[in-house]
Amino acid sequence: MVTRMIDLRSDTVTKPNQAMRAAMANAEVDDDVLGYDPTAFRLETEMARIMGKEAGLFVPSGTMGNLISVLVHCNVRGSEVILGDNSHIHIYENGGISTIGGVHPRTVKNNKDGTMDIDLIEAAIRDPRFEICYPTTRLICLENTHANSGGRCLPVDYIDKVGELAKKHGLKLHIDGARIFHASEALGVPVDRLVRVADSVSVCLSKGLGAPVGTVIVGSKVFIAKARILRKTLGGGMRQVGVLCAAALVAVQENVKKLEDDHKKAKTLAEGLNKIKGLKVDVASVETNIIYCDISESANITAPKLCKNLEEHGILLMSDSSSRIRFVLHYQISESDVHYALSCIQRAVTGVPSENGAK
Ligand SMILES: Cc1ncc(COP(=O)(O)O)c(C=O)c1O
């Protein structure tokens, strides 16, 4: 029987802790669709303050946060958004910006570090003289940290340059900041500085910060007023939503400071995996809480098989392909969990127990 569960599938898997549950039970609430929920108001105001923007809006998910943001900026059908070909919005959000919003995606290649070359972004901006043929570029989207690149951080000078480019061409800049606090911690740059040039940011509370539900989008008062209407249109207006916002407030107050530890645990895990014969991790590229690990053919085990095998030991992982596994750290994984997982993985891949054994 499995007695120990170590869930490394994602940072979305955290369970609300006692402090969050107590805050939920005691939350002051009212009808938020009518704009009267005091706890939602407190969370939105606090997030806007932390991010250095005028206003905030609680939405049910990161996907809805990105969708609303893109649709507010691209409020005319036939608008075009420039975004990474490996971005979450482009790959994992059901193409909602086009199927729901009539917004055309213009992709630019994401580099290994999650950036897009600035000259390629500029080249993708449509020439308004040919509007008879072209959609109209209105928005650029960045993602920080960049999930599919393994949680890489976009540095502040890069973001500033993209912001300058957007301004030069009269475009808006949205940042999918699902893990923006991770980037801030890893780069040592205050989070408001990191997003200074952005017109909107979508910040997930239910990923590494550990809240059970929700994202806050931030931007100008005008942007948020329009976003509030769109949220209702999309069915994202919720009544006594303060019960969720109360948990999110605890997450912001308690868990941002734990990200540094999550990043250290990720490094330890990455280094340990890379020492196991048959596994390969680019340790230098592990900047935050996400690790991609490749399995070589000589290991004689596929990624799905390894995941299945480890599940029997209570270690949950997701395979990205037949030879690649993703590991994601969060505050409910301890240092000892990391060492235990490493010893189980070593045994599963090589058949040889690790020297340390499980700690
Ligand atoms: C970078 C990024 N953006 C947006 C999202 C979407 O968030 P949600 O799952 O809350 O819709 C995710 C989800 O993992 C993500 O990793």
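Which residue in β10 does Lys280 stand opposite? Lys280 stands opposite Asp294. With that pair as a starting point, let us walk through this model, which is a predicted one.

## Two domains

The domain assignment divides the chain into domain 1, made of 6-12 + 258-350, and domain 2, covering 18-254. Their C-alpha centres are 29 Å apart. Where the domains touch, domain 1 contributes 13 residues and domain 2 contributes 20 residues.

Let us go back to the opening pair. Strand β10 (residues 290-295) is joined to β9 by 2 bridges, and the two strands run antiparallel. Both belong to an open sheet of 4 strands, in the order β9-β10-β13-β12, with antiparallel pairing. At the edges stand β9 (279-280) and β12 (318-321); each has a single partner strand, so one side of each is left without a neighbour in the sheet. A helix also packs on this sheet: α12 touches β9, β10 and β13 (324-328), and its direction makes about 5° with that of β10.

At the other end of the strand order, β12 pairs with β13 in the antiparallel sense over 3 bridges. The two strands form a hairpin, with 2 residues between them.

For an example of parallel strands, look at β6 (residues 172-176) and β7 (residues 200-204), which are joined by 3 bridges. Asp176 stands opposite Ser202 in β7.

Two packed helices are described by the angle between their axes and the distance between the axes.

| Helix pair | Axis distance | Angle |
|---|---|---|
| α12 (residues 259-275) and α14 (residues 335-350) | within 10 Å | roughly 15° |
| α1 (residues 18-26) and α11 (residues 242-255) | within 8 Å | roughly 145° |
| α3 (residues 62-73) and α10 (residues 221-233) | 9 Å | about 120° |

Take α12 and α14 to begin with. Their axes cross at roughly 15°, and the two helices are therefore roughly parallel to each other. Their crossing is right-handed. On the α12 side, the residues that meet α14 are Lys265, Thr268, Leu269, Gly272 and Leu273, and their counterparts in α14 are Glu335, Val338, His339, Leu342 and Ile345. By class, this contact has 5 nonpolar, 3 polar and 2 charged residues.

Next come α1 and α11, where α1 passes α11 in a right-handed crossing. From α1, the contact uses Ala19, Met20, Ala23 and Met24, while α11 supplies Val243, Leu244, Ala246, Ala247, Val250, Ala251 and Asn255. Which classes do these residues fall into? The contact of α1 with α11 has 10 nonpolar residues, 1 polar and no charged.

In the remaining pair, α3 and α10 pack at an angle of about 120°, and that makes α3 oblique to α10. This crossing is right-handed too, as α3 passes α10. The α3 residues in the contact are Met64, Ile68, Ser69, Leu71, Val72 and His73, and the α10 residues are Phe223, Lys226, Ala227, Leu230 and Arg231. By class, they divide into 7 nonpolar, 2 polar and 2 charged.

## Two backbone details in loops

Where does Thr145 lie? Thr145 is in the loop between β5 (136-143) and α7 (156-168). The peptide bond from Asn144 to Thr145 is cis, with omega near 0°.

Another loop, between α4 (88-92) and α5 (96-99), holds Asn94. The phi of Asn94 is near 55°, a positive value in a residue other than glycine.

Notes: Residues are numbered from 1 along each chain as its sequence is written. This is a predicted model: local features need pLDDT of at least 70, side-chain atom pairs count only at pLDDT 80 or more; totals for chains, interfaces and linings use all residues. Side-chain values use heavy atoms; hydrogens and water are left out. Axes are lines fitted to C-alpha atoms, for helices over the stretch in contact, and angles run from 0 to 180 degrees between N-to-C directions. Angles under 35 degrees count as roughly parallel, over 145 as roughly antiparallel, 65 to 115 as roughly perpendicular and the rest as oblique. A crossing is left-handed if the near helix is turned anticlockwise from the far one by less than a right angle, and right-handed if clockwise. Contact means heavy atoms within 4.5 Å. Ala, Val, Leu, Ile, Met, Phe, Trp, Tyr, Cys and Pro count as nonpolar, Asp, Glu, Lys and Arg as charged, and the others, Gly among them, as polar. Two strands pair if DSSP finds at least two bridges between them. Domain bounds come from an automatic or database domain assignment.
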